[in-house]
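Student: I'd like a close look at one part of this model. Please keep it brisk and connected.

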Amino acid sequence: MAIDTDPLVKIRGLRFSRGEKVIFDGVDIDIQRGKITAIMGPSGTGKTTLLKLIGGQLQPQAGTILVDGENIHRLNSRDLYRLRMRMGMLFQSGALLTDISVFDNVAYPLHEHTGLPESMIRKLVLLKLEAVGLRGARDLMPSQLSGGMARRVALARGIVLDPMIIMYDEPFTGQDPISLGVLVKLIRSLNDASRLTSIVVSHDVQETAAIADYIYLISDGKVIEHGVPEAMMNSILEWTGQFMHGLADGPVPFHYQASGLEQDLRAVDDEG
Amino acid sequence: MLEQLARLGRVGIDILFHLGRAHLLLLAILGGVAALAQRPSLLIRQLYSVGVLSILIISVSGTFVGMVLGLQGHYILSQFGAEQTLGVMVAASLVRELGPVVTALLFAGRAGSALTAEIGLMKATEQLSGLEMMAVNPIKRVLTPRFLAGFLSMPLLAAIFSALGVMGGYFVGVGLLGVDDGAFWSQMQSKIDLHKDIYNGVIKSLVFGWVCTWIALFQGYEAIPTSEGVSRATTRTVVYSSFAVLGLDFVLTALMFGD
């Protein structure tokens, strides 16, 4: 089987700032087709922002993002929306529409974008809900779902149009071990079964390293390192080592910047 | 001293910036009106939520305002022996001023704050972002139906307010205070003019509907997605809408009824 070396998403020289704060300062990333690529880094590095940039919701100050060969920020409204129909996104909170049922949420993209007859839509929705294990919950309202279930419904909605790529924004955050196991299994099996490309943004090293085919580590607006999970775990870079193994102290210091402890204590005595 | 000037300048720039964003949002909302014709169910649902659910408060307020007008009006007019003109007084006050203005203020408080909170929370829970990523324009899908619903509901609600107010005034004036039944209605019929009074009142409510709904949607859309942010946004909606309604009322009244 010939390896497809043309990446589905090609990011070159990405520069993005929000006001004064520089979020990305020259980032290059390749997302290979058919693989699960993980984008990892400490909280606040802008991983969610990266997904919004890839989806065309935000405009970078410099750099290009090519999705399936198309420069997403040069597209007009109609082409952008057409490209978005081929992308699925799973938000951290699920982002389900709260005033309609689980079934209607999953059916929403089908009603919006396809002219399919109602019977066909019903069958598709039931199949997608079956894939995430929630066919029995189809008449519940989003407020009646637990966090993990809401994410699975959002996942079913994300794949209902059979996209070419699906992006997961912190799918493992705040989940109990069983939900975690379910999500991990779903992400992997969906990717393989439908020959999807997946981008997982997370800071959960263990879960992500277990399913990712490739990992990018981002911090302070730059790509620190990238490689297959085994290489990353055994990296010689100190920073990567601290992150991947969850060490309390290292290049990212334990103590927030401050003057010496003796000085502070003496200052208390001087005041009193 | 220089610092004060710089701060003033910054405030001015901020105000202009927000006004600009509000107008851009309005343009985007209006861009979705044509598409709405193909999905009338969206508009109907919003008409219910924005208009029908306001009927109770508008009706009760209208009735009581009319009753108070009847009482106060009778008290003052009877000092000049003119209490038989109570009908005209009640009707003119309601149709020209109180109907559109009080309805708009109540609307801003009830429907406006509800719209702001709803849009703000949709933004906070990333529903708007989710719609965008599903290749659905969230402004055209979510904001445009609500805007149109507010714009269309306002004159209807003001009409209900005025009508019930007149009934309230009738009940107090004729029923309780002994104003002549015939005089009440016939004076009203001859003195209240369709074009000068009623149409102007409708124009006022349309303008107030436009402005109040616009402010409510803008504040919701720009709200900071936290509980405090949404609370501040709803407060701003009610305060700004009230200022706008009262200010515009003065301008419109001067234009319509001035010399």
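Student: Which helix of chain A lies across S6 and S7 of chain A, and at about what angle does it run to S6(A)?

Tutor: Some ground rules come before the answer. This is a predicted model, where local features need pLDDT of at least 70, side-chain atom pairs count only at pLDDT 80 or more, and totals for chains, interfaces and linings use all residues. Residues are numbered from 1 along each chain as its sequence is written, while chains are lettered from A and ligands numbered from 1 in the order in which they are written.

Now the helix. Helix H5 of chain A, residues 147-159, lies across S6 and S7 of chain A. Helix H5 of chain A runs at about 175 degrees to S6(A). Axes here are lines fitted to C-alpha atoms, for helices over the stretch in contact, and angles run from 0 to 180 degrees between N-to-C directions. Helices (H or I, at least four residues) and strands (E, at least two) are DSSP runs, numbered from the N terminus.

Contact means that the C-beta atoms of two residues, placed from the backbone, lie within 7 Å.

Next, the sheet itself. It is open, has six strands and mixed pairing, and its order is S6-S7-S8-S3-S9-S10 in chain A. Two strands pair if DSSP finds at least two bridges between them. The edge strands are S6 (87-90) and S10 (222-227) of chain A, and each pairs on one side only. Neighbouring strands of this sheet are turned by 15 degrees against each other on average, direction ignored.

Four bridges join S6(A) to strand S7 of chain A, residues 165-169, and the two run parallel. A:Met87 has A:Ile165 as its bridge partner in S7(A). A:Gly88 is partnered there by A:Ile166. From S6(A), A:Met87 and A:Met89 point one way, whereas A:Gly88 and A:Leu90 point the other way. All four are buried. Buried means 20 or more other C-beta atoms within 10 Å of the residue's own; exposed means 12 or fewer, partly exposed is in between, and C-beta atoms are placed from the backbone.

Finally, the wider setting. Chain A holds ten helices and ten strands. Of its 272 residues, 35% are buried.
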